[in-house]
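Visitor: Hi! I'm new to this one. Could you walk me through it?
Guide: Happy to. Let's bring it up first.

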Amino acid sequence: PRKQYGFLARTDHPDIYVHRSALASSRPLRPGDLVEFRVEQTERGPAAFEVVVVQAAAADEANGKPAV
């Protein structure tokens with residue numbers, strides 16, 4: 001079974017937690033995808049919500065393996 005969560009790398013901030021339920025589409029995220037999201041403070045700290053893929057990763061970057 002695939003895990004249902006992961007972390008999004010951000011340039012000027014620490015990585016942020018994301019759960020699969022926060023994805024706007026049913027397509028799993030892949031390494032190298034460029035995304036936009038809203039940050040909410042949860043009991044466990046900041047988390048990404050309403051995650052939308054803005055630019056899909058090139059096929060060779062993703063290697064066909066979903067990250068979340």
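Guide: The structure holds three salt bridges, a salt bridge being a side-chain nitrogen of Lys or Arg within 4 Å of a carboxyl oxygen of Asp or Glu. This is a predicted model, where local features need pLDDT of at least 70, side-chain atom pairs count only at pLDDT 80 or more, and totals for chains, interfaces and linings use all residues. Residues are numbered from 1 along each chain as its sequence is written, and side-chain values use heavy atoms, with hydrogens and water left out.

Visitor: Okay, which residue forms a salt bridge with Glu-40?
Guide: That is Arg-38, and the closest N and O atoms of the pair are 2.1 Å apart. Glu-40 is partly exposed at 32% relative accessibility, and Arg-38 is partly exposed at 31%. Here buried means under 20% relative accessible area, exposed means over 50%, and partly exposed is in between (1.4 Å probe, protein chains only).

Visitor: And what about Glu-50 and Arg-38, how do their side chains meet?
Guide: They meet in a salt bridge too, at 2.9 Å from N to O. Glu-50 lies in strand 4 (residues 45-55) and Arg-38 in strand 3, so the pair ties together parts that are twelve residues apart in sequence. Through shared partners, salt bridges join Arg-38, Glu-40 and Glu-50 into one network.

Visitor: Where does Asp-33 come in, buried or exposed?
Guide: Asp-33 counts as buried because its relative accessibility is 14%. Its side chain makes a salt bridge of 2.8 Å, N to O, with Arg-27. Arg-27 is partly exposed, at 28% relative accessibility.

Visitor: Let's zoom out. How many helices and strands does the protein have?
Guide: There are one helix and four strands, and along the sequence they follow the pattern β-β-β-β-α. Both kinds are DSSP runs numbered from the N terminus: helices are H or I with at least four residues, strands are E with at least two.

Visitor: What share of the residues is buried?
Guide: Of the protein's 68 residues, 25% count as buried.

Visitor: Which residues make up the largest nonpolar core?
Guide: It has nine: Leu-8, Ile-16, Val-18, Ala-22, Leu-23, Leu-29, Val-35, Ala-48 and Val-51. Strand 2 and strand 4 are the elements that give two or more residues to this core. A nonpolar core is a set of buried Ala, Val, Leu, Ile, Met, Phe, Trp, Tyr and Cys residues joined through side-chain atoms within 4.5 Å. In soluble globular proteins, nonpolar side chains tend to be buried together.

Visitor: Which residues form a nonpolar patch on the surface, then?
Guide: Tyr-5, Phe-7 and Tyr-17 do, with about 310 Å² of accessible area together. Areas come from the Shrake-Rupley method with a 1.4 Å probe, and for residues only the protein chains shown count as cover. Patches use residues with over 30% relative accessible area and no salt bridge, joining like charges within 9 Å and nonpolar side chains (Val, Leu, Ile, Met, Phe, Trp, Tyr) within 5 Å. Tyr-5 sits in strand 1 (residues 5-8) and is partly exposed at 38%.
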